[in-house]
Amino acid sequence: MSEPAVRISGIVLASLMFQHANSDSDVEGLVLGESRFDEQVTISDSQSDHVHIQETYNVQKHVACHQLNTLYSGSGEVNMEVLQEMLAGGRPSGHDGGLLAPPQDSVIGWYRQRRDSEQQMSFREKVVHDNLRRALANPHMIFMLLTPSRAVLTGSTHRTEYAAFIRRDRRFKNIPVLVNNLGLLEQQGYWRGSAPCSATGYIITMKKHRSKFFCSSGSVKEVSEVNSMNESLQVELQKACRCVEESERQLEALQVEVSALRRRLGEKQQPEPVAAVQPEQRNNSALLSAVRDLLGCSPMFLTQTLTLKAFPVPEEYASPETQVKEEQLPLLELSDTTSRKRLRELAVRERKRRRSR
């Protein structure tokens, strides 16, 4: 029974994440290190011997491909030339000027980093893994998968998930990844002071070189310098925060003023309703008097009442409803008497003419 596990230092894992964060596309490459197989046999009287095998893959280094999808083809076949160049690293061997033989024993697997994806191996990655096992003659190869993603929408915080896979019984098994310097330390993991020593030479040596490393208070000089640098950085950070806060407030005030000016401009640009101006009725007295003098005596502009036979009706026989009001006929108010006289004269002449016939 075996339990495989991957151990990687925080520096190597951070370098992997940093490389992927500075690239515009996905990244892939080889994983270098060493693998250990520890066998533990448990002997007891009650049961038979129990053999436990612990597989540990220590990741020490990684070699990235210069371009994506150059290590293998579209069908998953490994490109041996690119693999030899990656392992050699372009270092000359000395006499013949060629490349060093690739250290195939130090290759314990390969890795791939892809953004915003699940922690599962694709079919293509499985085919490439099998071909790499045959090309490097290493049946115990591992595959590390890193999937970074944005933790917030603004992109200020990113989250990277990592996992490792190994092939067991024609299946890919997810194995744990242990980061060395991210584990929980015990209380006695770090010691603040050294063990007491009463040797005379030790005391003399410490007094001689103590002033170079320790302050008068007993703390390390580098620690005090780092603390002072941290305090100055905090002061500068607070100043920058205050400046940013003031600029944001000024920006908000400017936005309020701009919105108010836009509102006023929109109100001014709206067309105002134009009221219909009715022309004033003005009476031209000179024109009115001229028309009265010229056309006052014309029978065409006189209002009169006629009978059924088209004869003018005398004024004394006209009904009150047919009489024209003086307000409605201002042009004829001066010629009413003359027109009536002429109508009477015309009627008398017409009668005499008929009698003479």
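## A salt bridge to start with

The side chains of Glu28 and Arg112 meet in a salt bridge, at 2.7 Å from N to O. A salt bridge here is a side-chain nitrogen of Lys or Arg within 4 Å of a carboxyl oxygen of Asp or Glu. Glu28 belongs to strand β2 (residues 27-42) and Arg112 to strand β4, so this pair ties together parts that are 84 residues apart in sequence. Strands (E, at least two residues) and helices (H or I, at least four) are DSSP runs, numbered from the N terminus. Both Glu28 and Arg112 are buried. Buried means under 20% relative accessible area, exposed means over 50%, and partly exposed lies in between (1.4 Å probe, protein chains only).

A word on the model itself: it is predicted, so local features need pLDDT of at least 70 and side-chain atom pairs count only at pLDDT 80 or more, while totals for chains, interfaces and linings use all residues. Residues are numbered from 1 along each chain as its sequence is written, and side-chain values use heavy atoms, with hydrogens and water left out.

How many salt bridges does the structure hold? There are nine. In general, side chains of opposite charge can pair when their charged atoms come close. Another of these pairs joins Arg168 to Glu55, with the closest N and O atoms 2.5 Å apart. Arg168 sits in strand β6 (residues 158-168) and Glu55 in strand β3 (residues 50-64), so the pair ties together parts that are 113 residues apart in sequence. Glu55 counts as buried because its relative accessibility is 5%.

Now look at a helix. Glu245 and Arg249 also form a salt bridge, at 2.8 Å from N to O. These two residues are four apart in helix α5 (residues 221-269), so about one helical turn separates them. Glu245 counts as partly exposed because its relative accessibility is 39%, and Arg249 counts as exposed because its value is 54%. Elsewhere, salt bridges that share partners join Asp26, Glu28, Arg112, Arg114 and Glu125 into one network.

## Aromatic rings

How many aromatic pairs does a search of the whole structure find? The search finds four. Rings of Phe, Tyr and Trp (its six-membered ring) pair if their centres lie within 6.5 Å; planes under 30 degrees apart count as stacked, over 60 as edge-to-face and the rest as tilted. Trp110 and Phe143 form a tilted pair, 4.6 Å centre to centre with 45° between the planes. This pair links distant parts of the chain: Trp110 is in strand β4 (residues 107-113) and Phe143 is in strand β5 (residues 142-150), 33 residues apart.

Are Trp110 and Phe143 buried or exposed? Both are buried. They also belong to one aromatic cluster, together with Tyr72 and Phe165.

## Patches on the surface

Arg349, Arg351, Lys352 and Arg355 form a positive surface patch. Patches are made of residues with over 30% relative accessible area and no salt bridge; like charges are joined within 9 Å, and nonpolar side chains (Val, Leu, Ile, Met, Phe, Trp, Tyr) within 5 Å. Lys and Arg count as positive and Asp and Glu as negative, while His and the chain ends are not counted. The place of a charge is taken as NZ of Lys, CZ of Arg, CG of Asp or CD of Glu. Arg355 lies in helix α7 (residues 336-356), and this residue counts as exposed because its relative accessibility is 72%.

There is a nonpolar patch too, formed by Val41, Ile43 and Val51, with about 270 Å² of accessible area together. Accessible areas come from the Shrake-Rupley method with a 1.4 Å probe, and for residues only the protein chains shown count as cover. Val41 is in strand β2 and is partly exposed, with a relative accessible area of 44%.

Val6 lies in strand β1 (residues 2-8) and counts as buried because its relative accessibility is 0%. Val6 and Ile175 are 169 residues apart in sequence, yet 7.3 Å apart in space, C-alpha to C-alpha.

Most residues other than glycine have a negative phi. Asn69 has a positive phi of about 60° although it is not a glycine, and at 35% relative accessibility Asn69 counts as partly exposed. Ala137, also not a glycine, has a positive phi near 55°. Ala137 lies in the loop between α3 (123-136) and β5 and counts as exposed, at 66% relative accessibility.
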